[in-house]
Each structure stands twice: as C-alpha cells, then as structure tokens.
Amino acid sequence: MKPNDSSHNIPAEFEDLLSRAGRQVLAGTHPLCGALADPRTRFVAREDLLDRARVGRLRRALEANLCGVLEPLERPIPPETISEMRRDYGELLPKTSRARTIYFESRREPGVKAAEKLGLVRLMRSSSFKAFAEALAGRKLAAGWGLQVLRYGPGDYAGPHNDHHPENKDAKGGYIDLHLSLCTPGVAHQWLVYSRAGHFSEIVSVARPSTVTAYRLPFWHYTTPLAGKPTAARWVLLGTFLYR
Ligand SMILES: [Fe+2]
C-alpha cells in the first residue's frame, strides 16, 4: 500500500487539534482545569475545545481509511436474563453494546496497522493528549495509556455499565477516560446518560461534530442508540489513563 493521502490530515500532536479554549485547558489557564479533581464531578462534556475544521478533516480521514478494518463489537442481551429469571423484579443485565471497533491489544491487528499507517496512533500517543487529560484530571497520569477506536452507526449503542475493573490492581481505585467524539453531519441524536447520587438523572448530547468528554470512572452510564441517516456515524477516539 502506498503512503496514505489522508495522513497529512492527522496532526502528530493532539495540541494541533485544539481550539483556543482547548489550548487554554492545556496551558492550565481555563476554568475547566482540574474539573475532575472535584469530588462532585465525575464527567465533563464540551463542544468548544476542538478546532472544527481540523476535526472535520480528521473524521473524513478516519471514514476513508478505517471503515474497512473495523471489527464488529456485539454484546447482545443474553436471552437467559429472561428465560432463567426466577424472581419477580430480579432482572440483572450484563453490559450490552453494539458498535465497530479497533482493538489495540495486538499490533498485528489489521485495524491497528491501518491506524498506525494513518498517523492516528501517533496522535493518540502524543504527549499533549496525555497532558490534556492531566489538565482535566487535575493530577499526574501514568505513561502507557490504553487506546480504543469506536465507530457507532445507526442503532449502535452501549447499555448501562460502570467501567469498574476490580480485578485490575492499577485500575480498581479509579481512572480517567478521555474521549474525542466526532460525528458526521447525518447524526440526528445520540445521548450519554449518567448517574448522579444513585439515579440515571443526567443526560448530555454526544451528537455534535466535535465533542470532548472526560470521565472519572467508575460510575454508571449508558449511550443511547445513534439515530440519523443510514451513513451517519460517530467516531470515538478513547484514551484510558491510570493514575500515577
Ligand atoms: Fe463506558
């Protein structure tokens, strides 16, 4: 394969995707700095931290180069959650979801190779990506963060889950996720619903072209089915950061 024409649309540093407000976060001069260090704040979502035009170019490069290498992510509702239920109101729902993804566990994965060739891995591994997460977290984060790429098409969703990892000694005390959410113009709506004080009472739109969301996990949340045109898509570029 020849070097990809879209690679110049993907900056080497995350900093180069930021808007003026986003650069203020990185510089430590924005009111949002340290937001996730507030014990009352588990989650932030902002539309104004990324440069719209650059994000549009990035999204088109993802769409042109990665659609063919995504793998299906399918975790349907297990039928036994009804057929083997024995007590009224005793239902238990494991994590359900549907989307398409790149798993970064192995560099031999075709999706990982394509993401590396495109320059996406370099962007998501750039030092300003981590520095931005640290600015929102209000604390230092560990090197070697985890990456994931998701693409939600029409009807794709994530059911209620909490992202708690009690079996992982480095993650069981909590961690930070930073998501860049890039929607095509055909997306009508998709919502992130999350819990506060024990209820699914909070809801934010993730249907805009360039949204940054940051999470101090674990807490309960879910993502509603994406609605829109048949070609509508939301790309999510995720970094998972452990505390240092
Ligand atoms: Fe989640």
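Student: Before we start, how are residues numbered, and which pLDDT do local features need?
Tutor: Numbering runs from 1 along each chain as its sequence is written. In this predicted model, side-chain atom pairs count only at pLDDT 80 or more, totals for chains, interfaces and linings use all residues, and local features need pLDDT of at least 70.

Student: Which residues in helix 4 does helix 2 meet?
Tutor: Helices here are DSSP runs of H or I with at least four residues, numbered from the N terminus. Contact means C-beta atoms, placed from the backbone, within 7 Å. From helix 2, A61, N65 and L66 take part, and their partners in helix 4 are G111, A114, A115 and L118.

Student: Is helix 2 parallel or oblique to helix 4, and why?
Tutor: Good one! The axes, lines fitted to C-alpha atoms over the stretch in contact, with angles from 0 to 180 degrees between N-to-C directions, come within 11 Å and cross at roughly 135°. Angles under 35 degrees count as roughly parallel, over 145 as roughly antiparallel, 65 to 115 as roughly perpendicular and the rest as oblique. Therefore helix 2 is oblique to helix 4.

Student: Is Y89 buried or exposed, and why?
Tutor: Y89 sits in the loop between helix 3 (80-83) and strand 3 (97-103), with a positive phi near 60°. Buried takes 20 or more other C-beta atoms within 10 Å, exposed 12 or fewer, and partly exposed lies in between, with C-beta atoms placed from the backbone. Because Y89 has 5 C-beta neighbours inside 10 Å, it counts as exposed.

Student: Which peptide bond is cis?
Tutor: Look at P218, in the loop between strand 10 (211-217) and strand 11 (221-223). With omega near 0°, the cis bond is the one from L217 to P218.

Technical notes: Helix = DSSP H or I, 4+ residues; strand = E, 2+ residues; numbered from the N terminus. Contact = placed C-beta atoms within 7 Å.
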